[in-house]
Amino acid sequence: MAKFLRVGVHHSNVGGYTSKAWTIRRSGSTALLKWGSVEVRGAGRGRRIYWAARPRQKTVRCGSEKRALDYVKRAIARRHGHRYERLLERVRIQRRPAHRRVEPGRVLATVLFVDIVRSTEKAARLGDRRWNDVLSHYYAALRRELRASRGREIITTGDGMLATFDGQPGAARAIRCAAAIRQAVRTLGLEIRAGLHAGECELVGDAVGGIAVHIGARVMAKAGADEVLVSRTVKDLVVGSGIKFKDRGAHRLKGVAEKWRLYGVL
């Protein structure tokens with residue numbers, strides 16, 4: 001069985017915040033697909049994935065095992081093309097446990113989004129095994145720099161990460177962390193793009209949400225290869241830090257009403 005996940009806060013998810021999962025398998029000459037919204041809790045090895053509602057299902061009778069196999073291969077390729085994360089077979093997508101409603105807390109934080117530039121192209125060139133090795137080293141580098149900068153990993157996607165840094169002092173640490181990650185992954189032959197924004201975030205357990213997270217994802221979407229972009233809010237928070245920027249102009253961010261002035265970290 002092939003399993004895939006796309007986390008909603010990732011900039012490539014045009015549907016907004018909703019995370020989505022797929023399972024694809026074959027039984028003889030029949031292809032069986034299941035998909036739907038999911039809730040993702042935690043990060044790293046502690047990450048758990050739950051169906052947010054009853055998943056939709058589709059049964060495709062292909063007439064022969066070869067046709068069914070070809071159908072499944074195409075379905076898997078489409079998920080890769082849409083930048084889904086391939087989940088290990090042992091990862092379970094479970095029914096959501098019953099729990100009491102927890103009111104979200106609000107906190108000022110700097111959010112950092114990072115992902116790999118042209119990851120699909122690189123994965124296709126290297127093959128699954130070598131690409132997974134590269135990703136292991138990539139995430140090790142990210143987590144090493146996060147620990148050094150006192151950042152908090154929130155969630156990982158197939159080739160990216162969302163992290164937060166506490167309060168106003170965290171803004172400078174977040175920028176330096178992104179710059180250090182940019183430098184560290186070059187040794188792996190990778191280029192990243194990173195985006196930072198600061199504002200009030202909603203905290204519910206290990207999850208983080210709110211408009212500040214949405215804007216951070218859109219800032220990253222505007223970054224080019226090997227570029228760290230920050231919003232005007234982040235730039236203003238680090239006045240006097242010695243960090244240098246280049247004005248990248250005013251941009252419309254998808255899903256956000258007004259234009260935002262963005263700055264590249266030199």
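Guide: The talk below turns to the nonpolar cores and then to one pair of helices. This is a predicted model, in which local features need pLDDT of at least 70, side-chain atom pairs count only at pLDDT 80 or more, and totals for chains, interfaces and linings use all residues. Residues are numbered from 1 along each chain as its sequence is written, and side-chain values use heavy atoms, with hydrogens and water left out.

Visitor: How many residues has the largest nonpolar core?
Guide: The largest nonpolar core has 34 residues. Such a core is a set of buried (under 20% relative accessible area, 1.4 Å probe, protein chains only) Ala, Val, Leu, Ile, Met, Phe, Trp, Tyr and Cys residues joined through side-chain atoms within 4.5 Å.

Visitor: And which have the most contacts inside it?
Guide: Those are Y138, I175 and L196.

Visitor: Which residues does L196 touch?
Guide: Not counting residues up to four places away in sequence, L196 touches several, among them T110, A174, V219 and V234. Contact here means heavy atoms within 4.5 Å.

Visitor: Now the helices: at what angle do α2 and α3 pack?
Guide: Helix α2 (residues 119-126) and α3 pack at about 130 degrees, with their axes 6 Å apart. Helices are DSSP runs (H or I, at least four residues), numbered from the N terminus. Axes are lines fitted to C-alpha atoms over the stretch in contact, and angles run from 0 to 180 degrees between N-to-C directions.

Visitor: Which residues meet there?
Guide: S119, K122, A123 and L126 in α2 meet D128, R130, W131 and V134 in α3. The residues of this contact divide into 4 nonpolar (Ala, Val, Leu, Ile, Met, Phe, Trp, Tyr, Cys and Pro), 3 charged (Asp, Glu, Lys and Arg) and 1 polar (the others, Gly among them).

How values were computed:
Buried < 20%, exposed > 50% of the residue type's maximum accessible area, 1.4 Å probe, protein only. Helix = DSSP H or I, 4+ residues; strand = E, 2+ residues; numbered from the N terminus.
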